[in-house]
Amino acid sequence: MLRLALLSVLCVCALAAPFMTDPLLNDEWVSFKKTYSKQYEYYEEITRRIIWEDNIRFVEKHNEEASRGLHSFTTGMNEYGDLTNSEFVRMLNGYIMRNTSSSVIFDASDDIVADDSVDWRTKGYVTAVKNQGHCGSCWAFSTTGSLEGQHFKKEGKLVSLSEQNLVDCSKKEGNHGCKGGLMDFGFKYIKQNNGIDTEESYPYVGKDGTCKFEARNVGATDTGFVDVRSKSITALQQAVSTVGPISVAMDAGHKSFQLYRSGIYKERMCSSTKLDHGVLAVGYGSEGAEDYWIIKNSWGESWGMEGYFKIVKSEQNMCGIATQPSYPTV
């Protein structure tokens with residue numbers, strides 16, 4: 001047994017030897033662990049340090065290229081910097097694409113005049129940035145975000161709604177808790193359930209649990225949902241301008257997005273059809289000649305621009321933002 005244990009140690013050391021850590025980064029590594037409350041077992045720390053250093057090199061290379069005008073956004077270290085991109089995608093991206101759409105479609109219309117720029121955060125429609133943790137529940141955060149906005153629009157009161165309620169209770173509608181789901185299924189559950197509980201009464205724990213919904217704690221209801229015309233930038237702009245925050249999905253499976261820091265995101269490898277992450281479009285604007293969407297994420301305030309990001313708004317439908325948008329009716 002001792003011989004096997006020693007052999008395992010030697011194997012780990014042999015594998016790690018070609019990837020010796022950089023002593024010049026020791027202080028940064030200590031700071032990273034302290035900032036994000038990271039604790040590891042001994043051999044796990046070696047692995048995480050190697051991954052972290054690889055991500056550091058990616059950030060440095062990308063930002064050097066950005067300084068030369070090769071990118072429209074910067075990257076930076078965040079709490080996900082000790083994860084490989086495949087680990088990151090597996091843990092956090094839990095959107096399941098739908099194959100059908102609602103019978104009610106919001107389409108572009110010549111009768112709708114969209115504002116030149118919109119930011120629903122400034123109008124009281126948007127709650128603080130939340131953090132889904134290591135649970136593929138992005139769809140639940142997008143669902144609550146859109147309904148929080150519509151509830152505010154109708155009632156004049158911003159109520160933070162319970163993602164955990166959706167994670168635990170909406171499986172029969174087609175959602176899979178931390179293993180993924182769909183915003184439309186979330187809206188369907190809320191209608192059939194006659195409401196969703198408040199965040200305060202049903203707090204988020206970031207893992208699957210048994211349903212604890214209580215009707216006396218309902219914070220909002222919906223009467224159904226509307227799908228925005230797929231892949232229509234004009235329709236999505238009109239919806240965001242006139243309806244409020246809209247649930248959208250995207251391809252978020254790239255290291256450039258995992259480590260995004262600021263600026264207008266563009267990724268040439270992004271797919272407009274293979275979507276894996278649910279987020280919330282809260283507005284749009286422009287910088288110079290570049291138009292962008294303003295998107296609320298659910299990875300905490302340490303990620304991106306205090307939890308938000310901008311992504312290029314163009315007919316190319318970057319990362320599929322306009323492919324499967326929807327919003328609840330109240």
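Analyst: Happy to! Please keep in mind that this is a predicted model. Let's begin with the largest pocket, which holds about 300 Å³ of space. Its lining is made up of 13 residues, and those closest to the centre of the pocket are H62, H71, F73, S256 and E267. If you sort the lining by class, you find six charged residues, four polar ones and three nonpolar ones.

Where in the chain does this lining come from? Two helices, α3 (42-67) and α9 (255-258), each supply at least two of the lining residues. The biggest share belongs to α3, which gives four residues to the lining of the largest pocket.

Now for the helix packing. Have a look at helix α5, residues 138-155, and helix α7, residues 183-192: they pack with their axes 8 Å apart, at an angle of about 60 degrees. Because of that angle, α5 counts as oblique to α7. The crossing in which α5 passes α7 is right-handed. On the α5 side, the contact is made by W139, S142, T143, S146 and L147, while α7 brings M183, G186, F187 and I190. Sorted by class, this contact between α5 and α7 has five nonpolar and four polar residues, with no charged ones. The lining of the largest pocket, for its part, has six charged residues.

Technical notes. Residues are numbered from 1 along each chain as its sequence is written. This is a predicted model: local features need pLDDT of at least 70, side-chain atom pairs count only at pLDDT 80 or more; totals for chains, interfaces and linings use all residues. Side-chain values use heavy atoms; hydrogens and water are left out. Axes are lines fitted to C-alpha atoms, for helices over the stretch in contact, and angles run from 0 to 180 degrees between N-to-C directions. Angles under 35 degrees count as roughly parallel, over 145 as roughly antiparallel, 65 to 115 as roughly perpendicular and the rest as oblique. A crossing is left-handed if the near helix is turned anticlockwise from the far one by less than a right angle, and right-handed if clockwise. Contact means heavy atoms within 4.5 Å. Ala, Val, Leu, Ile, Met, Phe, Trp, Tyr, Cys and Pro count as nonpolar, Asp, Glu, Lys and Arg as charged, and the others, Gly among them, as polar. On a 1 Å grid over the protein atoms alone, a cavity is a set of points where a 1.4 Å probe fits but cannot get out, and a pocket is an open set with protein on both sides within 12 Å along at least five of seven lines; lining residues have an atom within 4 Å of a point. Grid points are joined across faces, edges and corners, and a volume is the space filled by probe spheres set on the points.
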